[in-house]
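The report below concerns a predicted model.

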Amino acid sequence: MSGAWFAPHPVMPGILPVLETELMPATWILALLAALAVVGFVIGRARALASAGGDGRRLHSLPGFYGWHVAMFTFALPLLLLVVWMIVQPLYLREVVAPYLPASALETSAGTTIALQQLGGVAAQITAAEAEGKLDAAEIRALASQPEALAERLTAAGITVADPQTAVAAEEFQSRQRVLDIAKTAAVLALAVALLAWTVARTNRDFRARNTVETGVRYLLIGASVIAIFTTIGIVLSMLFETAHFFKQYDWTRFFFGTVWTPRFQGESDLGLLPLLWGTLYVSAIALAVAVPIGLFAAIYMSEYAGPKLRSVAKPLIELLAGIPTIVYGLFALVTVGPLLRDWIAQPMGLGSSGSSVMTAGLVMGIMIIPFVSSLSDDIINAVPQSLRDGSYGLGATQSETIKKVVLPAALPGIVGAILLAASRAIGETMIVVLGAGAAARLSLNPFEAMTTVTVKIVSQLTGDTNFGTPETLVAFALGLTLFVMTLILNIVALIIVRKYREQYE
Amino acid sequence: MTDASLPHAGAAPASPSRKGSLLELDARTRKRNAAERRFRAYGLTAVCTGIAALVMLLISIFGGGASAFRQAFITVPVTFTESVLDKKGTRDPADLAKVTTIGYGKIIDTAIADWMAANGIAQVEGLADKDIGAIVSREAAAQLRNRVLANPELIGQTVETKMLANGRIDGYLKGRVTLQSAETDSNVTLGQLRLVDLMRDKGAMGLGFNWGFITAPDASDQRPEAAGLGVAILGSLYMMIVVLVLSLPIGVAASIYLEEFAPKNRWTDIIEVNISNLAAVPSIVYGILGLAIFVNFAGLPMSAPIVGGLVLSLMTLPKIIIPTRAALKAVPPSIRDAALGVGASKMQSIFHHVLPLAMPGILTGTIIGLAQALGETAPLLLIGMVAFVRDFPSAPPSGLFDPASALPVQVYNWTQRADPAFVERASGAIIVLLVFLLAMNAVAIVLRRKFERRW
């Protein structure tokens with residue numbers, strides 16, 4: 001836990017002007033589109049009613065649908081154009097100014113983004129200076145072929161540029177951006193007006209407005225459900241690219257099979273996954289050793305023995321454990337459990353003197369995942385048909401014998417699924433281990449020693465000073481991908497098991 | 001499962017023939033009954049352990065954090081001496097602003113010394129003169145300065161003023177700092193603590209409710225007494241607005257499509273597995289996504305509530321979709337059939353009838369999803385919300401792009417600081433967080449109780 005963990009991030013210069021020039025016009029365009037849509041709604045509705053001689057019953061659809069039809073086209077399609085434009089324009093500008101950027105900035109997407117933001121900041125200052133009359137667009141355009149003169153002219157206007165090269169790039173950036181911004185506004189508004197005219201023109205009493213509107217709404221719904229897919233693709237791609245960068249700089253066998261983890265700022269780091277993986281699995285194993293017996297017995301007691309009164313009190317209380325934020329458990333581990341274990345167990349037995357240890361994190365995490373085991377197991381035990389129990393009682397078995405020999409074997413697949421889900425939760429848990437397990441990467445069997453996990457190292461490599469060109473930072477993405485793949489496999493296997501199990505008794 | 005009971009069936013004839021009364025249990029029955037009781041006891045123990053863990057957790061947090069809401073204050077008459085604060089006597093705001101907090105520190109030193117003189121305290125054992133003013137928080141000087149700048153008429157007057165005490169003094173009043181611990185502590189002297197005792201006896205010092213803890217921004221490492229949650233609460237609020245605005249409509253739209261329109265084919269199956277998997281992806285992975293895409297690629301500012309809100313929205317989406325689909329499914333088909341029967345289109349039957357009926361369930365799910373997002377820490381660490389932020393973000397929408405903190409991250413931030421007073425603050429912040437969560441869950445429960453219909 002070094003001081004650098006909570007060091008403030010370096011402020012990115014010039015970012016606010018960029019955002020203002022990007023967002024403010026977009027807000028205005030949006031407001032204009034909304035106004036056009038409202039006008040379109042009124043016109044469309046009125047025109048449809050007029051075409052039916054004021055008698056709504058002679059229209060194909062309800063009058064409102066004609067209004068919605070016009071409004072939908074006037075608003076949604078131009079909005080789509082605007083969004084696409086706002087994504088494509090920076091990519092295009094990036095290509096335009098790429099030759100001017102230093103090669104070091106282009107190596108990583110973060111470096112490129114920062115360099116572009118700085119350029120954007122200068123460009124925004126130029127725009128502001130032009131608006132104040134300090135600079136003349138045509139004049140500096142003419143200076144573009146003489147970098148030194150341009151840089152001097154900008155400095156005279158109170159704009160600081162790092163070097164002449166930047167000045168040219170910023171000028172290039174600014175002039176193209178200005179043209180594109182005007183083109184964007186014009187294109188979006190022109191499209192909106194054109195669509196307004198077209199949809200109003202095709203509005204008459206036989207037009208099937210409802211069907212058109214409903215098809216549009218349907219596309220909207222499909223779009224919303226596809227976002228889930230995009231999120232997954234985004235997760236995988238974002239980690240895959242940076243992981244590929246990482247493996248270009250660091251041998252993958254050394255990463256996956258390395259047993260030493262010592263990142264250094266100067267480079268020459270050893271970034272072996274095994275100690276982190278060991279810590280992760282050790283903590284998770286302790287957590288499961290706590291949570292599985294408690295959760296399972298609690299589930300059995302509540303579904304088989306407890307009366308409705310006890311159940312209605314105990315079940316929500318135990319499920320409350322799942323609703324408590326993990327940072328609360330982290331603090332609990334740091335302030336209460338860690339010192340308690342250290343003073344009463346680890347030190348008297350000579351096992352260690354650290355408050356943060358695998359045992360601390362494991363115990364607290366175990367408490368956290370009790371409800372994950374217990375409520376899913378509870379559902380699953382309840383789903384075992386009563387006839388199986390009755391059959392067993394009929395043969396003279398006691399209740400506990402029935403549970404052990406009949407109910408649990410029948411519910412086993414589902415319970416395994418529940419435990420796998422809990423394991424995936426334990427592996428991916430971050431705050432408890434950050435605050436409870438420690439930061440030292442080591443391969444050791446002593447549970448009272450501080451060890452570290454994959455998630456702790458993701459946090460420590462990506463907070464504080466980060467440089468996305470170095471393997472020390474990029475390794476976090478490889479760790480993230482490893483974590484994602486591990487939990488993905490556990491989740492999918494668990495989901496399939498639970499699903500199969502549910503079908504069995506439905 | 002007949003095979004499971006076979007051993008019993010086989011064992012029954014082999015049992016020895018019974019002698020004596022039927023009411024007297026034989027050894028095997030007693031053993032089986034004991035096993036039964038044991039098994040039951042294990043179950044009860046497990047339930048009790050779970051509840052005990054919850055109780056311990058809450059006691060630990062509330063026991064440690066409740067005192068953060070009370071703070072030591074010193075109330076003494078302060079003379080705003082003109083010769084120090086406004087040498088020219090012009091009351092010109094520019095001149096007044098030139099006096100730094102050092103000048104106000106002197107005013108405070110004098111005020112305490114005057115109070116001692118007025119109460120006949122000439123000498124306190126082990127108290128050096130330079131330490132007298134140090135019992136007041138360094139933040140108090142800044143607060144006095146702001147007061148004078150806002151109201152220059154104070155200059156020349158003597159006003160009874162309530163000032164924050166130093167963090168160690170606060171700890172002494174709360175029992176965290178003792179005379180023993182002070183001997184080895186370089187930040188506080190025994191003399192100061194004796195003075196504090198005297199001041200407490202005379203009513204010039206005491207604990208009061210600490211509004212600053214809820215409204216003030218974070219303070220630096222050396223001033224735990226002044227650290228507050230204002231920026232964090234505002235940042236969390238901004239993020240929740242973003243999450244609500246994005247994930248509720250998108251989540252409901254996606255659920256409607258998947259539940260009502262989607263054909264049952266491979267494509268929708270992929271979407272469904274995807275959504276259940278997204279609900280179980282570790283939260284830190286979303287943080288990596290946010291850092292790589294929203295910050296590094298799209299160039300949104302770090303530490304900004306908009307980025308946090310976007311990341312949390314993606315996380316919350318599957319958690320809203322799953323209960324929303326359940327709520328839609330719970331509306332009986334007869335409602336749909338009746339709507340279709342009187343000529344409504346499918347879209348109309350859903351938006352006019354099914355959706356309103358499912359609304360209580362949807363809102364309950366949304367609130368619970370929001371509550372989870374509110375407590376989420378790990379992804380926010382990666383997008384820079386750990387930064388030390390002292391300025392309040394401006395009003396939305398532009399405030400969404402200003403740096404801010406978040407409640408759970410503030411807790412983490414404070415646990416990483418050296419001064420033990422911050423642990424009390426962290427626990428106190430958790431109490432605030434839990435109060436918010438409790439309120440949200442209470443609303444969800446009321447919604448469910450009041451509006452949910454069983455068909």
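## Overall form of chain B

In chain B the secondary structure amounts to 20 helices and three strands. With a radius of gyration of 32 Å, well over the 23 Å that the globule rule gives for 455 residues, chain B is more spread out than a compact globule. The C-alpha trace of chain B, followed along its principal axes, spans about 100 × 80 × 40 Å.

Buried positions account for 45% of the 455 residues of chain B.

## The three-stranded sheet

The three strands of the open sheet in chain B follow the order E2-E1-E3, and their pairing is antiparallel. At the edges lie E2 and strand E3 (205-209) of chain B, each of which pairs on one side only. From one strand to the next, the twist averages 40°. Helix H5(B) packs on this sheet, where it touches E1 and E2 of chain B, and its direction makes about 85° with that of E1(B). In general, the strands of a sheet pair through backbone hydrogen bonds, in either a parallel or an antiparallel arrangement.

How many bridges link strand E1 (residues 70-79) of chain B to E2(B)? The two strands pair in the antiparallel sense over seven bridges, and among the facing residues are B:Pro77, which stands opposite B:Glu160 in E2(B), and B:Val76, whose bridge partner in E2(B) is B:Thr161. On the E3 side, E1(B) and E3(B) run antiparallel and are joined by five bridges; here B:Gln71 stands opposite B:Gly208 in E3(B).

## Helix H7 and its surroundings

Helix H7 (residues 138-150) of chain B contains 13 residues, and the distance from its first C-alpha to its last is 19 Å, close to the 18 Å expected at 1.5 Å a residue. The buried residues of H7(B) are B:Arg138, B:Glu139, B:Ala140, B:Ala141, B:Leu144, B:Arg145 and B:Val148.

Against which elements do the buried residues of H7(B) pack? Their partners in chain B are helix H3 (82-85), helix H4 (93-98), helix H5 (101-118) and strand E2 (158-164).

## Contact between chains B and A

The contact between the two chains takes 83 residues from chain B and 91 residues from chain A. On the side of chain B that touches chain A, the largest share, 19 residues, comes from helix H2 (residues 27-65) of chain B. Sorted by class, that side of chain B has 57 nonpolar, 23 polar and three charged residues.

## A loop residue with positive phi

B:Ser303 is placed in the loop between helix H14 (283-297) and helix H15 (305-330) of chain B. Its phi is near 65°, a positive value in a residue other than glycine.

Is B:Ser303 buried or exposed? B:Ser303 has 27 other C-beta atoms within 10 Å, and therefore counts as buried, since the cut-off for a buried residue is 20 or more such atoms.

How values were computed. Residues are numbered from 1 along each chain as its sequence is written. Chains are lettered from A and ligands numbered from 1 in the order in which they are written. This is a predicted model: local features need pLDDT of at least 70, side-chain atom pairs count only at pLDDT 80 or more; totals for chains, interfaces and linings use all residues. Helices (H or I, at least four residues) and strands (E, at least two) are DSSP runs, numbered from the N terminus. The radius of gyration is taken over C-alpha atoms; the globule rule is 2.2 Å times the number of residues to the power 0.38. A residue is buried if 20 or more other C-beta atoms lie within 10 Å of its own, exposed if 12 or fewer, and partly exposed in between; C-beta atoms are placed from the backbone. The expected span of a helix is 1.5 Å times one less than its number of residues. Two residues are in contact if their C-beta atoms, placed from the backbone, lie within 7 Å. Two strands pair if DSSP finds at least two bridges between them. Axes are lines fitted to C-alpha atoms, for helices over the stretch in contact, and angles run from 0 to 180 degrees between N-to-C directions. Ala, Val, Leu, Ile, Met, Phe, Trp, Tyr, Cys and Pro count as nonpolar, Asp, Glu, Lys and Arg as charged, and the others, Gly among them, as polar.
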